[in-house]
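Colleague: I'd like to learn how to read a model like this one. Can we go through it feature by feature?

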Amino acid sequence: MVVKVYGPHCASTKRVLVCLLEKEVEFEVVPVDLTKGEHKAPEFLKLQPFGVVPVIQDGDYTLYESRAIMRFYADKYRSQGVELVGRTAEERGVVEQWLEVEAHNFHPPAYDLAVHLLFAPIFGMTPDPKVIEESEAKLLKVLDVYEERLSKSKYLGGDFFSLADISHLPFTYFIVNQMNKGYLIKERKHVSGWWDDISSRPSWKKVIELYPPPV
């Protein structure tokens with residue numbers, strides 16, 4: 001049965017789409033227009049009570065939260081496509097570690113930068129220069145840690161492409177291509193090389209081509 005993925009143009013949903021492509025899982029997308037409040041419509045709230053995307057429907061099975069969805073499909077389809085979580089308990093532990101780092105250290109300041117530099121006009125907000133400055137400072141510290149890690153390992157989770165790398169794609173894309181903050185990546189040799197590598201994957205190129213960001 002074809003997987004339904006809600007909200008393909010949104011950043012977090014793109015993690016799921018890349019994962020599905022890497023795992024060779026067939027899917028169809030269901031647009032959700034956040035600017036029109038479709039994510040707060042009663043029918044959508046039946047699927048996702050917090051009113052955010054992504055959500056997937058896989059037959060009678062419904063799941064939300066992008067990282068949980070990626071973990072689910074990486075496990076469900078272990079025998080096909082690219083191995084994205086590691087082949088040993090130790091490899092999986094490292095991938096999970098860097099997924100947590102992305103969620104708790106990288107994502108919050110990257111998200112705040114995106115909100116105040118890209119999305120504020122769409123949602124009628126006034127960008128806050130203090131938040132922008134503080135978020136960039138936090139992100140600098142995180143990327144310095146990444147530079148050290150990537151000087152010793154080809155990818156964040158090890159020497160293989162994994163969910164940890166996929167999870168960084170949407171907001172690093174914003175940083176490099178739409179925020180005029182590309183220097184945050186390019187000034188770090190190993191982070192820059194890592195980004196060039198993961199952003200060149202056919203799965204990511206396809207997702208960006210088919211479902212460009214709304215800004």
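Colleague: Which residues is Lys186 in contact with, leaving aside its neighbours within four places in sequence?
Modeller: Contact here means heavy atoms within 4.5 Å. By that rule, Lys186 touches Ser192, Trp195 and Asp196 once neighbours within four places in sequence are set aside. Lys186 and Asp196 are 10 residues apart in sequence and 9.7 Å apart in space, C-alpha to C-alpha. This is a predicted model, where local features need pLDDT of at least 70 and side-chain atom pairs count only at pLDDT 80 or more, while totals for chains, interfaces and linings use all residues. Residues are numbered from 1 along each chain as its sequence is written, and side-chain values use heavy atoms, with hydrogens and water left out.

Colleague: How should I read a nonpolar core?
Modeller: In soluble globular proteins, nonpolar side chains tend to be buried together. A nonpolar core is a set of buried Ala, Val, Leu, Ile, Met, Phe, Trp, Tyr and Cys residues joined through side-chain atoms within 4.5 Å. In this model the largest one has 57 residues, and Phe106, Tyr146, Leu163 and Phe174 have the most contacts inside it. Helix H4 (residues 89-119) gives this core its largest share, 10 residues. The core lies between domain 1 (3-83) and domain 2 (89-201), because both give residues to it. Those domain bounds come from an automatic or database domain assignment. Apart from this core lies another, of seven residues, including Val32 and Phe44.

Colleague: What does the boundary between domain 1 and domain 2 look like in numbers?
Modeller: The size of an interface is often given as the accessible area lost when the parts come together. Buried area is the accessible area (1.4 Å probe) that two parts lose on being put together, summed over both. Between domain 1 and domain 2 that is about 1400 Å², with carbon and sulfur atoms giving 62%. On the domain 1 side, Arg15, Arg67 and Arg71 lose the most area to domain 2, together 40% of what that side buries.

Colleague: How many bridges join strand S1 to strand S2?
Modeller: Two strands pair if DSSP finds at least two bridges between them. Strand S1 (residues 3-6) and strand S2 (residues 27-30) run parallel, joined by four bridges. Val3 has Phe27 as its bridge partner in S2.

How values were computed: Helix = DSSP H or I, 4+ residues; strand = E, 2+ residues; numbered from the N terminus. Buried < 20%, exposed > 50% of the residue type's maximum accessible area, 1.4 Å probe, protein only.
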